[in-house]
Every structure is written in structure tokens, then in C-alpha cells.
Amino acid sequence: MSSPTHSNRLTLLIIVAIVLAIVVAFAAPVTATGFAVGGDIFLRLLKMIVVPLVVTSVMSGILGLGDVRKLGRPGGATIGYYLATTILSVVTGLVVVNAIGPGKGIGAEALAAASAEGAENERAMEAKEQQERIDEINKELIPLYVVRSKYRNTGEPTPATDRDIARLEAELKELKSESGIGKIVSNLTLMLFTDNLFKSAAETDLLPLIAFSIVFAGMLTTLGERVDGLTSLIDQINHALMQFVLLIMNVAPIGIFCLVAAKFGKANADGTLAEALAQIGWFVLTVIIGLSVHAFITLPLILWVFTRRNPYRFMLDMGQALLTAFSTASSSATLPVTMETAVRKAGVKEKSVEFVVPIGATINMDGTALYEAATAIFIAQALGDAYDLTLAKQITIALTATLAAIGAAGIPEAGLVTMVIVLNAVGLPVEAIGFVLSVDWFLDRFRTTVNVLGDAMGSAVVEGTLPDEADAAPA
């Protein structure tokens, strides 16, 4: 176990590494991009232990509960916490973006001109073509409905017209199901199951691995002494992996320096960040304000109400994980650090961390949900009078952003695809994604940090619902 002094020194070194990396990126951008290899090595070191750590930690957490029948209360608390915080983050995003109005004054022409990159994107093009086909079908159906209505009044059959209507309605239903809320819910359900655990592990598809681990470990709790060797092995592997995380963290300042320097250096060399900030700086500021409200007010209030912990002290204790999240822009890659820091520095019970945090890294995307809702409203504001942003459409955006964020991990190119779904849900032009793509990577670091903070605080909140140690001990 790392000492408090060592842990504090490591956190300070990571902060220094980030600051130094940004300075190098702006002073010598070409040189900074050369550090990309070091950043990739650090990311791979983290990612290579994510799958075995998730499987063993979830199993260890379930085994620590002792009786699988006691899983219901902490399980319900975990899902309830993540769903509630995601909804609150979306509401926060909507309130902030409506109050600041970053899209007002940009104009539809400027939006269209800046959307070229989004229009060239394959996913955006697919969504646009899909919407155009939906419009074509609706136009084709109108005269057919007229013909059917006319002939039905005379009592004469119209088999050809009825067949055409049935065919077009079936195609229309299929197209709408591929881009609507129903498709998100369907994806979210299918995410829990896999036909090949090894394939899911190879693709770092965590949710089916978590589902399997929960069921398998739950079964082990019912088998008693016959599986003592296996349960002991799982605990030992999990302990060894956590020690390996400590080993990786010793080189974290170097890896984080390389990651941040390379990314910011490339943006500075291309001139994309400065140009984008000048053009849509108010949008970037709006998203950061929304994320800050959620991170420094909403989540801390929830933590204090349920645990009476000092939330800001908790944030300081989670510093290593939060700084790693900002540097990697990946909840999954940060997962090993989040778990290690929550247990050893923030003092959350290990079995709570092992059960709650891996689930959160997969489905808890508060920052993503807030970002997508705010982006949709921003684009609507930029369109001005060309788009009627009603209360009903804002509610649709809130609902779609919530579900899309939860289901993001099960969809290829998750962030872009879910954004397309949100825009499609309220009839906004999907190519307008190009307007925010230049700053997406930058804002991704902030929203990932918020996601990781939510995961860690969730483990502290759910900790109170776990059975007592005496109750958890196997019979």
C-alpha cells in the first residue's frame, strides 16, 4: 500500500506534468507532438489490465457480500444513483445553455459554413441520407393515402395501392427504429449479453463481462466450501492486479506529460484549438460551467446528504484519478487508477469500489449527457428563427441525451453516434456536428473527469447500503 506522503507527492508530480506539457505544447508544438509514443505506451499499460481487473474486482466485490440475496439493495442503489445523477446533469446542461445562449448571434449561415467537417463524416452522412429517405417516403405516402381513401369510399378494392402503402410503411418504421429512442433502449439491453466472452474481452466491451461476473460470483456464493480454492484465487488475482496498478502509477507523471503534450501540441500546430475557441468560445465556456456546477455542487451535495463526508476533501483524495481522467480522456483507461485511489486514498470500502466503480465506468456518463444536451440546444440557437425550439423538443433532448449517454458504450464511435441520435430526435441537422468537432477532444477531457468523479462518489454513496461485515461472512 502506498503511503500518504508518496501518494501526495505523486499527485503533485502529475499536476506539474500537465502544466509543463501544456507549456511545451504552446512553446514548441512540433516537438511536443513527438511525445505521442510515450503517451500511447502509458495508455496501453492502463488498458491492458482493465479487463482482468474488472472481472476479478466485480467477482471479489460480490463474493465480499457473502449472500447473493443481499445484492438487491446495493444493486438498486447503484443503478438509482447513476440514473439520478445523469438526469440531473442533463437538466443542469439545459439550464446553463438556455441562460447563457452561446449559439445566439452565430447565425445559420455561419453554422452551415462551419459544418463541412461534420457533413463529410461517414456517420453524419448516413444519418442525413436516412432522414432524407424518411422525408421521401412521407411524400410518396400522401398521394397513396388519398387514392386508398377515395376508392374505399366507393367500396372498390385497391390491392396495388395497399401493397405499396404496406411496403413504404414497413420501410419507414424500420428507418425510424434505427435512429430513435427505441433503438437506444434495444442497444442498452443487448449490451448486457454476449455470445463470446473472449471477443468482448478483446474489444474491451465491459458491460457483458460485468454481467457475467456478477452472475458467476453470485453462483459461487451458494456453493460453500467446494469452491473455496476458486474464491481465494479470485481474491489473490485481484489483489495482485491492484498492486500492478500502483506500479504503473509510478510512471504516471511521465506518461501523462507525453499524452497532454502530444495532444495539445498537435492542436496548437494545426491552429485548430485557438481558432475554434475564438469562434465558439462561449459554447466551450458554457459546457465547462455546466460541468463545474455538476461536479462542484450537484455531486458534492449528494455525497454529503448520504454520507456526511466532506465532498471537497473527497475530491482532493481522488486527485490522481481525476488528473489521469483529464489526461487520458477515457473512463475505461482510468478505471484501474480510480479503483486504487478510491480505496487507498479516499477510504471507500474495497467491496463497494469493486462492485460500483466498474459499472459506473460503463454506464455512468454524466458529463457526456450534459455535453450532448448542451450541444443540441447550442445548434438550435445558432439556427435562430429557422428552428423552433419548443419546450417539448427540449424535453425530448433531455430524455434522448440521458438514454444515449447510458447506452453509448454499446455503439461504435459512441460519442458521435449518440450525438447524431440526439439531433435526429428533434430534427436538427446532423452535419452541424462539424461545428463542435474541433473542440470535442478538448471538452472530452473535462466531461471524462466529471464521469470519473461521479463513479468514485457513487461508490461512497452505495457503501452505506452494503451488508455488515458479520452478515457478509459466509456461513
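1. Val95 is exposed, with a relative accessible area of 52%; here exposed means over 50%, buried under 20% and partly exposed in between, using a 1.4 Å probe and protein chains only. This is a predicted model, in which local features need pLDDT of at least 70 and side-chain atom pairs count only at pLDDT 80 or more, while totals for chains, interfaces and linings use all residues. Residues are numbered from 1 along each chain as its sequence is written, and side-chain values use heavy atoms, with hydrogens and water left out.

2. Staying with Val95, you will find this residue in helix α5, residues 72-100. Helices are DSSP runs of H or I with at least four residues, numbered from the N terminus. Together with Leu83, Ile87 and Val91, Val95 forms a nonpolar patch on the surface, and the four have about 330 Å² of accessible area together. Such areas come from the Shrake-Rupley method with a 1.4 Å probe, and for residues only the protein chains shown count as cover. Patch members have over 30% relative accessible area and no salt bridge; nonpolar side chains (Val, Leu, Ile, Met, Phe, Trp, Tyr) are joined within 5 Å, and like charges within 9 Å.

3. Next, the second largest pocket, with a volume of about 470 Å³. A pocket is an open set of points on a 1 Å grid over the protein atoms alone, where a 1.4 Å probe fits, with protein on both sides within 12 Å along at least five of seven lines; lining residues have an atom within 4 Å of a point. The grid points are joined across faces, edges and corners, and the volume is the space filled by probe spheres set on them. This pocket is lined by 20 residues, and Phe296, Met315, Leu322, Leu323 and Thr449 lie nearest its centre.

4. Which helices supply the lining of the second largest pocket? At least two residues each come from α1 (4-27), α15 (272-307), α16 (311-317), α17 (319-328) and α23 (434-463), and the largest share, 5 residues, is from α15. By class the lining has 12 nonpolar, 5 polar and 3 charged residues. In that count Ala, Val, Leu, Ile, Met, Phe, Trp, Tyr, Cys and Pro are nonpolar, Asp, Glu, Lys and Arg are charged, and the others, Gly among them, are polar.

5. Helix α17 deserves a look of its own: 10 of its 10 residues are buried. Among them are Leu322 and Leu323, which are also listed nearest the pocket centre. Just after α17, Ala329 takes a positive phi of about 55 degrees, and this residue lies in the loop between α17 and α18 (331-344).

6. Arg308 lies in the loop between α15 and α16 and is exposed, with a relative accessible area of 54%.

7. How many salt bridges are there? Taking a side-chain nitrogen of Lys or Arg within 4 Å of a carboxyl oxygen of Asp or Glu, the count comes to 6. One of them pairs Arg309 with Glu463, the closest N and O atoms being 3.2 Å apart. Arg309 lies in the loop between α15 and α16 and Glu463 in helix α23, so the pair ties together parts that are 154 residues apart in sequence. Glu463 is buried, at 13% relative accessible area.

8. Two further pairs sit within single helices. Glu340 and Arg344 bridge with closest N and O atoms 3.7 Å apart; both lie in α18, 4 residues apart, about one turn of the helix, and Glu340 is buried at 3%. Asp444 and Arg447 come to 3.4 Å and are 3 residues apart in α23, again about one helical turn. Asp444 is partly exposed at 21%, whereas Arg447 is buried at 7%. Elsewhere, Arg313, Asp317 and Lys345 are linked in a network of salt bridges.

9. Finally, two long-range pairs to check on your screen. Ile18, in helix α1, is buried at 9% relative accessibility; its C-alpha is separated by 7.9 Å from that of Ala261, 243 residues apart along the chain. Met219, in helix α12 (residues 206-220), is partly exposed at 39%, and Met219 and Ile62 are 157 residues apart in sequence and 9.9 Å apart in space, C-alpha to C-alpha.
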